[in-house]
Amino acid sequence: GFASLIGNKGGVCISFKLMETSFCFISCHLAAKQDKMPLRIEHFHELMKSLRQNETGQEVNSAFDYFFFMGDMNFRVDYNFFKAVSLI
């Protein structure tokens, strides 16, 4: 984070309704490095939990007609190039 004083990871969400169709866009920046995968998964679940719809308690990914989740999630494929390509 900035000067090692504040964090630089998190997420932002915007939702809206256009005519009768609801949209939700989430962008996030999760922890980097291969050994941080458990932390990334924990932060993803915390983010999703914090975005539950207040009125219904619905999970955010099922509360909208269209749901988009994007950002720098920092998940990595831990294989060399040739192994990764052979699995595709």
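In this predicted model, ring pairs join F16, F23, F25, Y66 and F68 into a cluster. A search of the whole structure turns up six aromatic pairs. One of them is formed by F25 and F68, whose rings are stacked, with 4.7 Å from centre to centre and 5 degrees between the planes. F25 belongs to strand β2 and F68 to strand β3 (residues 66–72), so this pair ties together parts that are 43 residues apart in sequence. Look at how open the two residues are: F25 is partly exposed, with a relative accessible area of 25%, and F68 also counts as partly exposed, at 35%.

Now turn to F44 and F69. Their ring centres are 5.3 Å apart and their planes stand at 75 degrees; because planes over 60 degrees apart count as edge-to-face, this pair is edge-to-face. F44 sits in helix α1 (residues 37–50) and F69 in strand β3, so the pair links distant parts of the chain, 25 residues apart. F44 is partly exposed at 30% relative accessibility, and F69 is partly exposed at 23%.

The charged end of R40 sits over the ring of F75, 5.1 Å from its centre, while the charged end of K83 sits over the ring of Y79, 5.7 Å from its centre.

Finally, go back to strand β2 (residues 21–29), where you will find S22. S22 is buried, because its relative accessible area is 13% and buried means under 20%. Leaving aside residues up to four places away in sequence, S22 touches F16, K17, A63, F64, D65 and Y66. A polar atom of the S22 side chain lies 2.8 Å from the backbone nitrogen of D65.

Terms used
Residues are numbered from 1 along each chain as its sequence is written. This is a predicted model: local features need pLDDT of at least 70, side-chain atom pairs count only at pLDDT 80 or more; totals for chains, interfaces and linings use all residues. Side-chain values use heavy atoms; hydrogens and water are left out. Helices (H or I, at least four residues) and strands (E, at least two) are DSSP runs, numbered from the N terminus. Buried means under 20% relative accessible area, exposed over 50%, partly exposed in between (1.4 Å probe, protein chains only). A polar contact is a pair of N or O atoms within 3.5 Å; within protein, one must be able to donate a hydrogen and the other to accept it, and residues adjacent in sequence count only if both atoms are side-chain atoms. Contact means heavy atoms within 4.5 Å. Rings of Phe, Tyr and Trp (its six-membered ring) pair if their centres lie within 6.5 Å; planes under 30 degrees apart count as stacked, over 60 as edge-to-face and the rest as tilted. A charge sits over a ring if NZ of Lys or CZ of Arg is within 6 Å of the ring centre and within 35 degrees of the ring normal.
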